[in-house]
Amino acid sequence: MVVKNLKTKYRMTSLKKILLSVACLMTGLTAGAQTAIGNMNALSDTHAIYRLQTSARYLLLPVEEKEENARVRVIKGHTVVKEFNCRLALDKKDYMVPVDLKDLQGEPLLLDITFSGNRRSTGNINDFAVWKLLKTTDTFDASNRERFRPAYHHTPVYGWMNDPNGMFYKDGVWHLYFQYNPYGSTWENMTWGHSTSRDLIHWQYEGEAIEPDALGTIFSGSSVVDHNNTAGFGAGAIVAMYTSAGANQTQSLAYSTDGGKTFQKYSGNPIITSSLPDFRDPHMFWSEEYGRWYLILAAGQEMQIYSSANLKQWKYESSFGHEYGNHGGVWECPDLFKLPVKNATSAGQDKWVLLCNINPGGPFGGSATQYFTGHFDGHRFVCDTKPEVTKWMDYGKDHYAAVSFDNAPDGRRVALAWMSNWQYANQVPTTQYRSANAVPRDLGLFEYKGDTYLSSTPSKELLTLRGKKGKALTSACELVVDFRHSATVTLSNARGEQLVLTYDADRQTLSMDRTKSGDVQFSEAFPCVTTAPTLGKLGQLRVFIDKCSVEAIDAEGKVAITNLVFPSEPYTKVTLKGKARCAVYNLK
Ligand code: FRU
């Protein structure tokens, strides 16, 4: 995906500027200065107060990733107006992050900063690099500075991203919220970031939609379009539910009456509580069949289902999961929806799918998405497979937290995953930003040897990206392989780095080997070969290559493998061995 550069400009009226300059001169500060604009007062060897007054829109903080978090509290008139953790630079900066001073410009502010940990390279708080490097500015330039930033996958313009959250479609626009850290490129300060798209491919960053508060940081959740005003926030209001991650995990509501741009938090929060330590990631949906709202959330090693008439009061219905599927880690980020079965023995048959992301416990270590098929009677989900069977949605290492959009058009069920793995997500070799989403996939169901499986087909919007057909690979392209029997497809560059796809028609498996794919050193868990069952013959395989990822998905959606790769230069050559033919489309 292509993200438009975030270049926010702030303009002040001349009168306001003059007044601010006078005010600042009186306090000994310089209005709108582009360098350090305050003074630091050390209170102990780990605690300082920095006095600041500026007319500029942003305060830029220097981040050094190897440092530990400092707690930053922005205080205006004895009240904390912003609070977050940031790996402030002690020796040198890796990059800068902006603190938005909107509504605080020109005000006398205190930054109350507490450093943690024992790592004190200089030993003296007065010498920490942060004091020399922090600055104010009216524009924060987030132009891409990363060679691994994908061309057609969604990424945050800067900062860290994990799970997709609260996704919905309305009035021609796809809304994607995501677990976001605006103050660094590692997991922290969970906030819902927001991006929108008209075509599921090109995304525009819209800013922070839901920020942490006294109940906790904002963990994963979902949104629904309340067409009939059942909650009383207005017809067509967007109602979001997320986990407030405080001392305990509780569920909270927020609603938007401007189509998902801004959210108000509901005054009755938290609305669902529990004493379980892992109690999170609520996913809501409307059931036409049963005439009410449902939600499914992760509760320890189970998924709990609740129902509601108004999205505010929820009744516990049932739990699912005990002894079913994989329990090698924490159950997270569920989803529950109904789909028609494609080649069902009895025509027109629908089944329910329960998505259950799990970490660790994935088939190749770390994070992965398992699913269950069955029936939901309005109270309980009953799985139609034996408890010991585990079905995986994707057989790569980098497909996690997959959930679907609410209110998608034409009866579509479109899912998006976070393209990383908790084993090394914080270590992948990017700095300005970390993580992308996988390509959007339309979900379906099909039968194979008497069992029902979830199909993931690349969403049709991806076809619109196709440019010229050729033979050479580019850093952002789609390779289409037509298999007649077993074959090996090798993607390689001049440095001898390679990614190998092997289809074994006799064993009915497809595997992806990234052990020699480029930089694999940053984590022991990264080099690997991942193998998927193909559930019958493989016909056409679509391989989406984008700077640092390879997604192999067969045209029918029976098999999907998603893996990150970090080659030192793009793969340019494709070598085929065996019974297959291929073509390459450059993706614009
Ligand atoms: C899954 C997850 C969720 C949680 C979120 C926190 O990746 O652990 O369960 O809500 O990430 O960022």
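Trainee: Hi! Which backbone does an oxygen atom of the ligand come 3.1 Å from?

Mentor: That's S220: one of its polar backbone atoms is 3.1 Å from an oxygen atom of the ligand. Keep in mind that this is a predicted model.

Trainee: Noted. How much of the ligand's accessible area does the protein cover?

Mentor: The protein covers 95% of the 320 Å² that the ligand has on its own.

Trainee: What about side chains, then? What does R280 do with the ligand?

Mentor: R280 places a polar side-chain atom 2.6 Å from a ligand oxygen. W422 has a side-chain N or O atom at 2.9 Å from an oxygen atom of the ligand.

Trainee: Which residues surround the ligand?

Mentor: Here's the shell: N162, D163, Q179, W187, M190, F219, S220, R280, D281, E332, Y400 and W422. By type, five of the shell residues are nonpolar, three are polar and four are charged.

Trainee: Switching topic: where does N124 sit?

Mentor: N124 belongs to the loop that runs between β8 (109-115) and α2 (129-133).

Trainee: And why is N124 called partly exposed?

Mentor: Because its relative accessible area is 31%, and partly exposed covers the range between under 20% for buried and over 50% for exposed.

Trainee: What does the N124 side chain reach?

Mentor: The backbone nitrogen of N126, at 2.9 Å.

Trainee: How far is N124 from S44, C-alpha to C-alpha?

Mentor: Their C-alpha atoms are 9.7 Å apart, with 80 residues separating N124 and S44 along the chain.

How values were computed. Residues are numbered from 1 along each chain as its sequence is written. This is a predicted model: local features need pLDDT of at least 70, side-chain atom pairs count only at pLDDT 80 or more; totals for chains, interfaces and linings use all residues. Side-chain values use heavy atoms; hydrogens and water are left out. Helices (H or I, at least four residues) and strands (E, at least two) are DSSP runs, numbered from the N terminus. Buried means under 20% relative accessible area, exposed over 50%, partly exposed in between (1.4 Å probe, protein chains only). A polar contact is a pair of N or O atoms within 3.5 Å; within protein, one must be able to donate a hydrogen and the other to accept it, and residues adjacent in sequence count only if both atoms are side-chain atoms. A residue is near a molecule or strand if one of its heavy atoms lies within 4 Å of it. Accessible areas come from the Shrake-Rupley method with a 1.4 Å probe; for residues, only the protein chains shown count as cover. Ala, Val, Leu, Ile, Met, Phe, Trp, Tyr, Cys and Pro count as nonpolar, Asp, Glu, Lys and Arg as charged, and the others, Gly among them, as polar.
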